[in-house]
Amino acid sequence: MVDVSSKPEQLRIARATGHISLEPGTLELIKQNQVKKGDVLTVAQIAGIQAGKKTSELIPLCHPLAITKIDVLTEIGDDRVTVTAEARCTGPTGVEMEALTAVSVALLTIYDMCKAVDKAMVIGEIKLIEKTKTDIK
């Protein structure tokens with residue numbers, strides 16, 4: 001791991017996004033909460049939050065951080081579900097890995113919950129969309 005002990009404590013915020021393409025019938029099942037495994041979007045949201053908190057356990061050289069917020073939002077579109085995550089902490093290093101991990105695991109959860117009814121799902125374009133650091137006064 002990189003030594004970050006000489007870096008100042010700053011408010012760190014990162015946002016990431018990604019999507020999963022699904023068949024129209026699968027999207028309708030999700031909207032109607034008719035997927036056999038349960039409420040897909042709520043389970044994906046919780047899974048994303050849990051994963052963001054455990055990022056340093058999953059990514060070998062990632063620093064363990066005192067996360068102050070992880071928010072995972074899902075949005076159903078015409079042919080996909082888009083997941084956006086925001087992670088925050090106060091510390092000497094960024095939270096982009098936590099935001100990216102939250103999005104990734106939320107999307108994998110959607111895949112897992114829908115795989116029995118949709119063989120054509122594709123997870124795509126997981127990316128960091130914002131990363132900020134602000135000095136603490």
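How many salt bridges does the structure hold? Nine, where a salt bridge is a side-chain nitrogen of Lys or Arg within 4 Å of a carboxyl oxygen of Asp or Glu. I'll come back to some of those in a moment.

First, some housekeeping. This is a predicted model, so local features need pLDDT of at least 70 and side-chain atom pairs count only at pLDDT 80 or more, while totals for chains, interfaces and linings use all residues. Residues are numbered from 1 along each chain as its sequence is written, and side-chain values use heavy atoms, with hydrogens and water left out.

Okay, let's start with helix α4, which covers residues 96-114. When I say helix or strand, I mean DSSP runs, H or I of at least four residues for helices and E of at least two for strands, numbered from the N terminus.

Buried means under 20% relative accessible area, exposed means over 50%, and partly exposed is in between, using a 1.4 Å probe and protein chains only. As a reminder, an α-helix has 3.6 residues a turn, so residues three or four places apart point the same way.

Take Thr 101 in that helix. Thr 101 counts as buried because its relative accessibility is 9%. Leaving aside neighbours within four places in sequence, Thr 101 is in contact with Ala 51, Thr 55 and Leu 58, contact being heavy atoms within 4.5 Å.

Glu 98, also in α4, is the one I'd like you to look at. Glu 98 is buried yet has no salt bridge, and the nearest side chain of opposite charge, Lys 131, is 9.6 Å away. For charges, Lys and Arg count as positive, Asp and Glu as negative, and His and the chain ends are not counted. Arg 15 lies in strand β1 (residues 10-21) and Glu 130 in strand β4, so the pair ties together parts that are 115 residues apart in sequence. Arg 15 counts as partly exposed because its relative accessibility is 28%, and Glu 130 counts as partly exposed at 32%.

Next pair: the side chains of Lys 37 and Asp 112 meet in a salt bridge at 3.1 Å, N to O. Lys 37 is in the loop between α1 (24-31) and α2 (40-53), while Asp 112 is in helix α4, so this pair ties together parts that are 75 residues apart in sequence. Lys 37 is partly exposed, with a relative accessible area of 49%, and Asp 112 is partly exposed at 31%. Through shared partners, salt bridges join Lys 37, Asp 112 and Lys 115 into one network.

Let's move to strand β4, where Glu 125 lies. Glu 125 forms a salt bridge with Lys 127, the closest N and O atoms being 3.0 Å apart. Lys 127 is partly exposed, with a relative accessible area of 37%. Glu 125 also has a positive phi of about 45°, although it is not a glycine.

Which residues make the nonpolar surface patch? Leu 108, Tyr 111, Ile 123 and Ile 126 make it, and the patch is about 320 Å². The elements that give two or more residues to it are α4 and β4 (122-135). Patches are made of residues with over 30% relative accessible area and no salt bridge, with like charges joined within 9 Å and nonpolar side chains (Val, Leu, Ile, Met, Phe, Trp, Tyr) within 5 Å. The accessible areas come from the Shrake-Rupley method with a 1.4 Å probe, and for residues only the protein chains shown count as cover. Ile 126, in strand β4, is partly exposed, with a relative accessible area of 36%.

Last stop, the loop between α1 and α2, where you'll find Asn 33. Asn 33 has a positive phi of about 55° although it is not a glycine, and this residue is partly exposed, with a relative accessible area of 42%. Gln 32 lies in that loop too, and counts as partly exposed at 46% relative accessibility. Gln 32 and Thr 93 are 61 residues apart in sequence and 41 Å apart in space, C-alpha to C-alpha.
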